[in-house]
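Take a guided walk through this structure. Keep the sequence and the 3D view side by side as you read.

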Amino acid sequence: MHIAAYKAVPGGLLPLLHAIQDDIGYIPEDSYPSIGKAWNLSVAEVHGVVSFYHHFRTQPPGKHILHICRAESCQAMGSEYLEIHAKSKLGIDYHETSLSGNITLEPIYCLGNCALSPAVMLDEKVYGRVSRTRLDELIAVAEAAE
Amino acid sequence: MTIRIYVPRDSSALSMGADEVATKIIVEAARRAISVDVVRNGSRGMFWLEPLVEVVTDKGRVAYGPVTPSDVVSLFDSDFLNGGQHALCHGLTDELHWLKNQERLTFARVGITDPVSLDDYLAHEGYRGLRRALSLAPAAIVQEVTESGLRGRGGAAFPTGIKWKTVFDCQADQKYIVCNADEGDSGTYSDRMIMEGDPFVLIEGMTIAGIAVGATRGYIYLRSEYPDALAILNEAIASAYAQQYLGDNILGNGHRFHLEVRRAAGAYICGEETSLLESLEGKRGQVRFKPPLPAIEGLFGKPTVVNNVVSLATVPIILDKGAEFYKNFGMGRSRGTLPFQLAGNIKQGGLVEKAFGLTLRQLLYDYGGGSASGRPIKAVQVGGPLGAYLPESQFDTPLDYEKFSEIWAVLGHGGVVAFDDTVDMAKMARYAFEFCAVESCGKCTPCRIGSTRGVEVMDKIMGGSDCEKNITLVRDLSDTLLNGSLCALGGMTPYPVLSAINHFPEDFGIRRPGAMEEEQAELEKVDISY
């Protein structure tokens, strides 16, 4: 369905991948052959594009995605402690999903909220000056929400 | 009488609860049967005061901040709608020390207007640059930009007018204007503030660029980490189309310019212009060899202007007020202003647009108020993750492209990240290599392999093994990266690494050069003739 919409768009492969991920949360690998056919690319080439970009995922994420900023500005304000805290609280490492299936943890390199470091992003909402207590609240909300 | 209140919709303000504050104000006003008009503006750039609520009074806009939803009732009780006194009141916004001495040219409207209102934009001198451009020959527009001395604000500082001239001189059936909005540098957010706070100025700048070089299509390559900017840009672009500021016949003048936003996908390297073009074409964002220059063979092989958001957003004021006006700001070969962005461990973080030439110390202390933690500032990284770390002894360097390159540092995109004395510079050097390894496009070996080797050697140094010997290895590796990489990612990773080693050797378990001689001299002073 999405393929038809973007096939004629110049450089339309990235917009297509965004549309698929926006729609179902990830880009299933079994979609590569049909994408490849439409763009005249091999399956390996489609995989090459998808895997190049940090934003694209090939496995379904948890219900919510928690991004913790790892860039310098946030490091200067103790983001390292937030990373450690989130990992131990959720019992997972980066790129993993909590046992409940509710939260996927991802690193991110700058949210452009550097004057209010440290910053995290829960789904598409950014939070500034995040303390460990605030992070606990966000995690609790995400765990509770459907 | 309806009272106008401004509550920013800038994503940094939102990160501190601006939406909740706006809602609470509307609810509380309704409860008290007071008529208010809440306008969602961009940010004034004083982020430690966000959410900064402004009330329009007879005397001007009065600032209150940082406001939380629980402050709203007490603000109403204190008659803030008439500029009443309150613990959070800062008086008239325009009189605040932070804003009063800035030279806001590119950011003239940011935080003042409603970003998605074309009427508001027009009421605040918007589209005057385009109107003047339409009265000029395309070559004269290029000439004006060249004479202004504007250099690429993305970091490379290449003269914008010369780039435009190259594209102007090319004969082609299609040319493109590409805006690099993949603002990935840590400590920078000026592009985001423009896109969220005054999107029309970017649209206007791109339209002028299109008319100047003969390009009829433009793309804004926007990082995926900025969803709010995406929504605001799309809304503004739709208004511009509706009012004939974009389309097949701009303002009835026969010029055509079409513009769309394309989302990036979280790869830092795509801020490099050739990698960005690959990505726009729907490919892996791998760096291209140069030549050919993108100005000659760029997007889809066609002549392409690739400029940063701030560069393009500065074009309208240059066209409106003239090259001479803009050129009169700044020093040396750095003309005009740069929006500096204060970040990291800083008490008052935010945006300071000033002419080139002020010092880092003025920025850090006069504006920033020192560190957030109250501890001494030990190091400052200027120009993003590929910028050098500067020690206190270099804080008096004027912020100017050439003065910075004399001390082997860069201004880059104007990001200034402060670290207090708890920072371990060896850790930061390791991180620089790690970041390069994560973000390398993989095309050239020094960057792809060298970054990982760098992490490994730094691990040895941090473990205390053979520090002197391993530092020699890091220096040698850095030399390879500096001279052998295809683009600035590998080529500049040595800046943070070597500056950290050179200025803070103690953190690497090695002595400062000359330290041994100094210790010897100290020892010789001690009286041992007992």
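How do helix 7 of chain B and helix 8 of chain B run relative to each other, roughly parallel or roughly antiparallel? The model is a predicted one, in which local features need pLDDT of at least 70, side-chain atom pairs count only at pLDDT 80 or more, and totals for chains, interfaces and linings use all residues. Residues are numbered from 1 along each chain as its sequence is written, while chains are lettered from A and ligands numbered from 1 in the order in which they are written.

Start with the helix pair. Helix 7 (residues 138-148) of chain B packs against helix 8 (residues 160-169) of chain B at an angle of about 155°. Their axes lie 7 Å apart. Axes are lines fitted to C-alpha atoms, for helices over the stretch in contact, and angles run from 0 to 180 degrees between N-to-C directions. Helices (H or I, at least four residues) and strands (E, at least two) are DSSP runs, numbered from the N terminus. Helix 7 of chain B and helix 8 of chain B are therefore roughly antiparallel. Angles under 35 degrees count as roughly parallel, over 145 as roughly antiparallel, 65 to 115 as roughly perpendicular and the rest as oblique.

Which residues meet here? From helix 7 of chain B come Pro138(B), Ala139(B), Val142(B), Val145(B) and Thr146(B). Their partners in helix 8 of chain B include Trp164(B), Lys165(B) and Phe168(B). Contact means C-beta atoms, placed from the backbone, within 7 Å. The residues of this contact divide into 7 nonpolar, 3 polar and 1 charged. Ala, Val, Leu, Ile, Met, Phe, Trp, Tyr, Cys and Pro count as nonpolar, Asp, Glu, Lys and Arg as charged, and the others, Gly among them, as polar.

Next, look at a sheet. Chain B has an open sheet of 5 strands in the order 2-1-3-4-5, with mixed pairing. Strands pair if DSSP finds at least two bridges between them. Strand 2 (36-39) and strand 5 (89-92) of chain B stand at the edges with a single partner strand each, so one side of each lacks a neighbour in the sheet. The twist averages 25° from one strand to the next. Strand 4 (residues 60-64) of chain B runs antiparallel to strand 5 of chain B, joined by 3 bridges. Helix 2 (residues 18-31) of chain B packs on this sheet, and its direction makes about 175° with that of strand 2 of chain B.

Helix 17 (residues 425-439) and helix 21 (residues 494-503) of chain B pack at about 165°, with axes 8 Å apart. The two are therefore roughly antiparallel. Among the residues that meet are Met425(B) and Phe433(B) in helix 17 of chain B, and Pro496(B) and Ile501(B) in helix 21 of chain B. This contact has 9 nonpolar, no polar and no charged residues.

Another open sheet of chain B has 5 strands in the order 13-12-16-14-15, again with mixed pairing. Its edge strands are strand 13 (350-355) and strand 15 (389-391) of chain B. Helix 21 of chain B packs on this sheet, touching strand 14 and strand 15 of chain B.

Finally, turn to the two chains. Their contact takes 34 residues from chain A and 47 residues from chain B. Helix 2 of chain A gives the most to the side of chain A that touches chain B, with 4 residues.

Notes. Contact = placed C-beta atoms within 7 Å.
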